[in-house]
Amino acid sequence: MVNRSQWILHADMDAFYASVEQRDRPELQGLPVVVGGDSRRGVVAAASYEARRFGIHSAMPSAQAKQLCPEVIFLRGDMERYKAESRKIFSIFRDFTPRLEGLSLDEAFLDLTGTERILGSPRDVGERLRARVRGEVGLAVSVGIAPVKMVAKMASAAAKPDGLLLVPPHRVREFLEPLPVRRLWGVGPVAEGRLRGAGFETLGDLAGAEPGRLHSLLGDWGETVAKLARGEDLREVEASRAAIWYSEENTFAEDVTDRDVLGATILTHADSVARRLRRDGLCARTVVLK
């Protein structure tokens, strides 16, 4: 069942990296801007909403982005500057609740449960949070508010750009039912293909599915999928959420087969990751090279 006494707010900055660049460089406002490498092997890290109108999105190869919009403006980006902006934004978030779970530099869950008497209604909190981020940082943030985390995150996506959507407990099923199955947490291309092949197109289809059918398609995970499709998400905001992985990566402009070059690159990345682990007093259990 949906937790009717809980309120979770999901705040997600709009086109964060690109928006920082447009804020700091007024001549870029209103133009299609991409943060990422513009080489043949480059990848889009962030795209302004002007660029998104052409179908450009994050993780897209830069070459494809250029094909979709030859006038797109590529910027290398400045991660240290983005991290500094993120610290300002999260400081604002913490003024509303200490129960804060950061998912990345530009998005977080805030647990507002039990704060109504002090802070006001969840909708009022969401609007004040958006106004403070806009006023103090000069950037837009979209907000979703719901009784459970998954629905709050979906609501913030539906509110973009620069909006707020609150889904009350009695409207959760109505909100979820028309959404495509791929919107569900954990449903990737393979699971989506299986579900759609079996006739499950929407979350409404999954919510009322026979448990045996979902088990035959997804195994034990099928029961979890059905619960999530009904808005039954028991996950709480993890205020002390620790880092799951540390990573470094590099994209070569051309294929590299020289072992010395590859070895030096791997050593550089390994040293960087190890230095961060030592700084945070952590020990890795698994090392992956891709």
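Buried means under 20% relative accessible area, exposed over 50%, and partly exposed in between, using a 1.4 Å probe and protein chains only. Keep that in mind as you click through this predicted model, where local features need pLDDT of at least 70, side-chain atom pairs count only at pLDDT 80 or more, and totals for chains, interfaces and linings use all residues. Residues are numbered from 1 along each chain as its sequence is written, and side-chain values use heavy atoms, leaving out hydrogens and water.

**First stop: two helices.** Select α1 (residues 16-24) and α4 (residues 79-94); helices here are DSSP runs of H or I, at least four residues, and strands are runs of E, at least two, numbered from the N terminus. Their axes, lines fitted to C-alpha atoms over the stretch in contact, come within 11 Å and cross at roughly 95 degrees. Angles run from 0 to 180 degrees between N-to-C directions.

**Second stop: a charged pair.** Now pick D24 and R81, which form a salt bridge with the closest N and O atoms 2.7 Å apart. The term asks for a side-chain nitrogen of Lys or Arg within 4 Å of a carboxyl oxygen of Asp or Glu. D24 sits in α1 and R81 in α4, so the pair ties together parts 57 residues apart in sequence. R81 is partly exposed at 24% relative accessible area, and D24 is partly exposed too, at 37%.

**Third stop: another bridge.** Show D162 and R130, whose side chains meet in a salt bridge (2.9 Å, N to O). R130 is buried at 16%, whereas D162 is partly exposed at 34%.
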